[in-house]
Amino acid sequence: MENQLTVSVLMPVYNGQDYLRPAIESVLNQTFKDFELIIVNDGSTDNTQAIIDSYDDPRIVCIAQQNQGVAKSINNGLARARGKYVRRHDADDISTPESLQIQVDFLEQHPEYVMVCNQSAFMTVSGKVAWKYRVPPNKFFAGRPYVDLSFDDFPLDKASPVVHGTACYRRKEVMELGAYRTQFIVSEDNDLWIRLLEKYKIAVLNNCTYLIRIHPSSATHRHAHKIAHFRRLLVEYSQQRRSIGSDPIMRGEPVEPPPPPPDPSAAQPAPANGKRLRDDLRYIYGLMLNAGDYPQVRRIAAEILRDGWKVPATYKLLLFPLLGDRLVQAGVKIKRIFRK
């Protein structure tokens with residue numbers, strides 16, 4: 001490949017004007033310099049293209065296309081990439097400055113690994129970071145500098161420990177495997193990771209160098225009803241490949257379509273006169289507190305109180321994150337002592 005670079009950073013975007021600029025700048029400000037940034041504008045109808053055009057940086061390569069979806073957009077970027085390694089990056093997230101350097105160093109020193117990814121922390125709409133809330137959580141590493149990914153890390157009831165935006169892989173091996181399979185409307189990344197695992201090693205580094213922005217228009221929110229369906233399929237397909245050497249896509253068979261989205265009214269029952277415990281908001285409430293995003297904290301707390309002010313557990317839900325882990329753990333120990 002002519003003029004090969006070390007890394008091609010690949011960033012697909014669709015109507016990403018709200019958060020695209022900080023995402024681009026977090027890549028351009030990397031301490032590692034031998035890279036190109038390929039931005040695939042997937043038919044955006046907002047100011048996405050104007051934001052891309054505002055940068056006069058030779059490292060930026062823009063592919064403007066009609067809307068084709070995430071998997072096809074990434075594959076189009078892969079076809080143009082000149083890097084030995086390809087690093088994915090979402091258009092609403094942020095990488096810390098040393099992110100690329102850490103990954104390149106690992107892959108250069110460990111040729112037996114086809115891919116490496118990093119731990120991520122969550123970030124609010126306003127850019128405040130909840131460093132306590134991470135994917136994968138700290139206990140996943142058990143103090144180790146990195147963990148080898150395994151098939152057991154893809155259970156149907158839990159999220160994958162691989163955050164797509166942190167994935168840095170060897171382009172040649174991914175292209176030889178057929179890149180991303182567009183039959184997967186969502187979870188196209190996990191399908192690729194499992195196919196890679198069937199032949200190579202993947203490492204998850206114990207370095208938190210990526211910030212995932214939480215907002216209502218993120219892909220996870222938009223496609224939540226489809227994710228469980230395709231996660232089940234990718235596990236079943238992997239089992240078939242390992243047992244009989246092929247899966248339905250390889251055999252040219254149709255892929256089972258996802259079920260229709262659930263009825264919003266059924267998913268969110270109306271408040272029952274202050275008697276509904278909003279346990280579904282526990283995680284995001286704690287996350288916003290940890291991030292110090294107090295306007296969001298007040299908004300979520302008001303919703304929790306509105307629906308559950310008659311339920312005693314509501315006040316524990318609101319109070320315990322305010323006290324902090326140490327105080328809560330101390331209180332639990334004291335309670336146990338008095339019980340004995």
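The loop between α5 (171–176) and α6 (188–197) contains A179. In this predicted model, A179 has a phi near 60°, a positive value in a residue other than glycine. A179 is also buried, with a relative accessible area of 5%.

S187 is likewise placed in the loop between α5 and α6. Although S187 is not a glycine, its phi is positive, at about 60°. Is S187 buried or exposed? With a relative accessibility of 8%, S187 counts as buried, because the term applies to values under 20%.

| Residue | Relative accessible area | Class |
|---|---|---|
| A179 | 5% | buried |
| S187 | 8% | buried |
| F320 | 40% | partly exposed |

F320 belongs to helix α12, which covers residues 312–323. Its relative accessible area of 40% makes F320 partly exposed, since that class lies between the 20% limit for buried residues and the 50% limit for exposed ones. Which residues make up the nonpolar surface patch of about 370 Å²? The patch is formed by L319, F320, L322 and L323.

A further backbone feature concerns a proline. V135 and P136 are joined by a cis peptide bond, for which omega is about -15°. P136 is located in the loop between β7 (129–135) and β8 (146–148).

Key
Residues numbered from 1 in each chain as written. Predicted model: local features only at pLDDT ≥ 70, side-chain atom pairs only at ≥ 80, totals over all residues. Heavy atoms only, no water. Helix = DSSP H or I, 4+ residues; strand = E, 2+ residues; numbered from the N terminus. Buried < 20%, exposed > 50% of the residue type's maximum accessible area, 1.4 Å probe, protein only. Patch = residues over 30% accessible without salt bridge, like charges linked within 9 Å, V, L, I, M, F, W, Y side chains within 5 Å. Areas by Shrake-Rupley, 256 points an atom, 1.4 Å probe, with all protein chains shown as cover. Salt bridge = Lys/Arg side-chain N within 4 Å of Asp/Glu carboxyl O.
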